[in-house]
Amino acid sequence: MKYKYLILLYLGIFSCTSQVKPVNEIKLSWESYRNGKFDSEGIRLYSGKNTNLPLKAYYAEIDLNSSNIDVEVVSSNDDDLKETPSEFSNRLDACLVVNGGYFLMNANPAKHVGLLKTKDSTITPPLITILRNGKRYYTTRGAVGFLNDTADITWISGREDTIFSFQNSLNNQRERLPKILDFQKGIQWKIESAISGGPVIVQNKKIFITSEEEVFFDTKIPNIHPRTAIGYTDNNILIILVVDGRQPSSRGVYLEELAQIMVNLNCVEALNLDGGGSSALVVNNQLINKPSGMSMEREVMSAIAVTCYEH
């Protein structure tokens, strides 16, 4: 009986802190995480909070100009093709790991949704079409790719083993007939490793959310959730952000709120990655956030790994 009341109290607190729509302005007070204990050459880690919403978030600044830093997309090599971010970190000896793209959790082995390309091979090609409400849509999903010391966020599709980048997402809308994708409007996307996510949430330093265009309508993606996002600044600093959610101390964010945060962090472009219980940030082999309010990590199929080298 005691546990029943505790559960009801938890649900009551959570329901009181939830919002029915995005707030117009997200304000977070940021500070160096644990007085710089987890900082290293090329990486700075910050924690932020807003006690009124309430909200807790963490982000890392990763200097892509640093010769000590290497960033890449990685894929699980377990039998079920799933590992926790901590397991990725241990196996790869990475100084930072964050969860990556969407995948089918109940498939065994796991199946990635959209592009998953590592330095070694293309595990899964880009989505070309998606079935939604009985209609087949061509789609250009948001993705992030890495080449040498640069990151790029764009909309992609694929044909005959070629990945194409597009200047904008195909303009799909729920109430309109599906659009036809003209591959001649795309250019070959030259990257070493890359991963699909979506939707794109920031373009040209402004909020620019293409959830409808990327055919995320009638899904749970636009709702309030724990989140993972990635972006980069004018001076080639990679921003990796996780926002806790589904807990009394942090409600999570809508896409519009996530985009606000990334704009406030000076991102030129930014992309929403897999979120919910998958959102986990591991730095120096320690879990930084609380995925869905717990200290346990969900196994994921893909991740973004940062390796730090000593010279």
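**Entry 1**

I looked up Tyr59 and found it buried, because its relative accessible area is 7% and the cut-off for buried is under 20%. I am working from a predicted model, so I treat every value as computed.

Next I checked Tyr46. Tyr46 is partly exposed, with a relative accessible area of 22%. Tyr46 and Tyr59 form a stacked aromatic pair. I noted 4.9 Å from centre to centre and 20° between the planes. This pair links distant parts of the chain. Tyr46 sits in strand 2 (residues 43-50), Tyr59 in strand 3 (residues 55-63), and they are 13 residues apart.

**Entry 2: Other rings**

How many aromatic pairs does a search of the whole structure find? I got nine. One of them joins Tyr33 and Phe38, with ring centres 5.5 Å apart. Their planes meet at 45°, so I wrote this pair down as tilted. Are these two residues buried or exposed? Tyr33 counts as buried, at 9% relative accessibility. Phe38 is buried too, with a relative accessible area of 3%.

I also looked at Phe216. Arg141 lies over the face of this ring, at 3.9 Å from the ring centre.

**Entry 3: Strand 19**

I moved on to strand 19 (residues 227-232). Strand 19 is mostly covered, and six of its six residues are buried. I checked each face in turn. On one side I found Arg227, Ala229 and Gly231, all buried.

Which strands pair with strand 19? Strand 20 (residues 237-243) runs antiparallel to strand 19, and six bridges join the two. Arg227 has Val243 as its bridge partner in strand 20. Strands 19 and 20 form a hairpin, with four residues between them. I looked into the turn and found Asn236 with a positive phi of about 65°.

Strand 21 (residues 269-272) also runs antiparallel to strand 19, and four bridges join them. There I saw Tyr232 standing opposite Glu269.

**Entry 4: A surface patch**

Which residues make the nonpolar patch of about 280 Å²? I listed Ile128, Tyr138 and Ile180. I traced Ile128 to the loop between strand 9 (122-124) and strand 10 (129-132). Ile128 is partly exposed, with a relative accessible area of 35%.

Methods. Residues are numbered from 1 along each chain as its sequence is written. This is a predicted model: local features need pLDDT of at least 70, side-chain atom pairs count only at pLDDT 80 or more; totals for chains, interfaces and linings use all residues. Side-chain values use heavy atoms; hydrogens and water are left out. Patches are made of residues with over 30% relative accessible area and no salt bridge: like charges are joined within 9 Å, nonpolar side chains (Val, Leu, Ile, Met, Phe, Trp, Tyr) within 5 Å. Accessible areas come from the Shrake-Rupley method with a 1.4 Å probe; for residues, only the protein chains shown count as cover. A salt bridge is a side-chain nitrogen of Lys or Arg within 4 Å of a carboxyl oxygen of Asp or Glu. Buried means under 20% relative accessible area, exposed over 50%, partly exposed in between (1.4 Å probe, protein chains only). Two strands pair if DSSP finds at least two bridges between them. Rings of Phe, Tyr and Trp (its six-membered ring) pair if their centres lie within 6.5 Å; planes under 30 degrees apart count as stacked, over 60 as edge-to-face and the rest as tilted. A charge sits over a ring if NZ of Lys or CZ of Arg is within 6 Å of the ring centre and within 35 degrees of the ring normal.
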